[in-house]
Amino acid sequence: MRTLSLLDKILVEIDQSLRVVHATAPTTERPNPAEGVQETAPLSDEDRQLINRLMRINHTGEVSAQGLYRGQAMTANRPDIKAQMDRAAMEENDHLNWTEKRLHALDGRKSLLNPLFYWGSFAIGAAAGKIGDKWSLGFVKETEDQVIKHLEEHINHLPAHALADMAILQKMKEDETHHGDVAMQSGGAKLPFPVRKLLMPLMSKVMTKSAYYV
């Protein structure tokens with residue numbers, strides 16, 4: 001197998017970004033948690049509007065996660081960390097696929113800002129990887145903690161009879177918890193207080209607020 005040049009790697013990442021934002025990115029073997037789930041009551045127009053906005057936020061979050069993990073994998077020093085990032089990216093692709101299918105089912109739409117969030121997250125991930133694997137893994141943990149926080153908020157805001165959406169978000173929460181735990185077990189370092197308590201929450205709020213409307 002030949003070694004990829006820098007240009008080759010850039011082209012691969014451009015191809016991946018187009019798959020994530022405009023097509024269907026490679027997924028794992030796992031089934032969609034919403035398959036076979038029957039709603040106990042029909043969704044009202046208000047329910048659909050709320051769920052569409054929440055699912056759009058979660059879809060954009062997964063687009064951002066793809067960029068983050070791809071950037072970290074590109075600059076990771078240890079081969080096992082790169083493999084770990086690649087597997088996590090595949091599982092995040094599952095989330096991307098599940099939320100996109102749910103948006104289509106409810107006649108919703110994806111965020112227009114997805115390309116911006118993908119490449120912004122890619123740059124952050126690549127920078128984190130360059131700083132060092134332990135900080136890159138710590139960044140994964142803190143990112144997943146932020147994602148879990150807003151997933152819990154969304155679960156609490158869903159209508160009680162939105163069982164398909166509940167199943168998707170619960171499985172996503174389980175996966176995000178696993179990704180964060182694995183990152184710390186692999187040698188992740190706790191990020192400095194200003195990054196954890198100021199920068200990361202601010203970044204999360206910008207993404208969720210903008211994707212809710214745009």
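The model is predicted. It holds 15 salt bridges.

**Arg-87 and Glu-91: a pair inside α3**
- Arg-87 forms a salt bridge with Glu-91, and their closest N and O atoms are 3.0 Å apart.
- Both residues sit in helix α3, which spans residues 79-105.
- They are four residues apart, or about one turn of the helix.
- Arg-87 is partly exposed, at 37% relative accessible area.
- Glu-91 is buried, at 11%, because buried means under 20%.

**Lys-110 and Glu-100: a loop-to-helix pair**
- Lys-110 and Glu-100 meet through their side chains in a salt bridge, at 3.4 Å from N to O.
- This pair links distant parts of the chain, 10 residues apart.
- Lys-110 lies in the loop between α3 and α4 (114-131), while Glu-100 lies in helix α3.
- Lys-110 has a relative accessible area of 23%, so it is partly exposed.
- Glu-100 has a relative accessibility of 14%, so it counts as buried.

**Asp-181 and Lys-141: a pair between α6 and α5**
- A salt bridge joins Asp-181 to Lys-141, with the closest N and O atoms 3.9 Å apart.
- That value still qualifies, because the cut-off for a salt bridge is within 4 Å.
- The two residues are 40 residues apart and link distant parts of the chain.
- Asp-181 belongs to helix α6 (residues 163-185), and Lys-141 to helix α5 (residues 133-157).
- Asp-181 counts as partly exposed at 35% relative accessibility.
- Lys-141 also counts as partly exposed, at 23%.

**A salt-bridge network**
- Salt bridges link Arg-30, Asp-94, Lys-171, Glu-174 and Asp-175 in a network.

**How α3 packs with α6**
- The axes of α3 and α6 come within 11 Å.
- They cross at roughly 165 degrees, so α3 is roughly antiparallel to α6.
- The crossing of these two helices is left-handed.
- On the α3 side, the contact residues are Gln-84, Ala-88, Glu-91, Glu-92, His-95, Trp-98, Thr-99 and Arg-102.
- On the α6 side, they include Ala-164, Ile-168, Met-172, His-179 and Val-182.
- Lys-171 and Asp-175 are also among the α6 contact residues, and both belong to the salt-bridge network.
- Glu-91, the partner of Arg-87, is one of the α3 residues that meet α6.
- By class, the contact of α3 with α6 has seven nonpolar, four polar and seven charged residues.

How values were computed
Residues are numbered from 1 along each chain as its sequence is written. This is a predicted model: local features need pLDDT of at least 70, side-chain atom pairs count only at pLDDT 80 or more; totals for chains, interfaces and linings use all residues. Side-chain values use heavy atoms; hydrogens and water are left out. Buried means under 20% relative accessible area, exposed over 50%, partly exposed in between (1.4 Å probe, protein chains only). Axes are lines fitted to C-alpha atoms, for helices over the stretch in contact, and angles run from 0 to 180 degrees between N-to-C directions. Angles under 35 degrees count as roughly parallel, over 145 as roughly antiparallel, 65 to 115 as roughly perpendicular and the rest as oblique. A crossing is left-handed if the near helix is turned anticlockwise from the far one by less than a right angle, and right-handed if clockwise. Contact means heavy atoms within 4.5 Å. Ala, Val, Leu, Ile, Met, Phe, Trp, Tyr, Cys and Pro count as nonpolar, Asp, Glu, Lys and Arg as charged, and the others, Gly among them, as polar.
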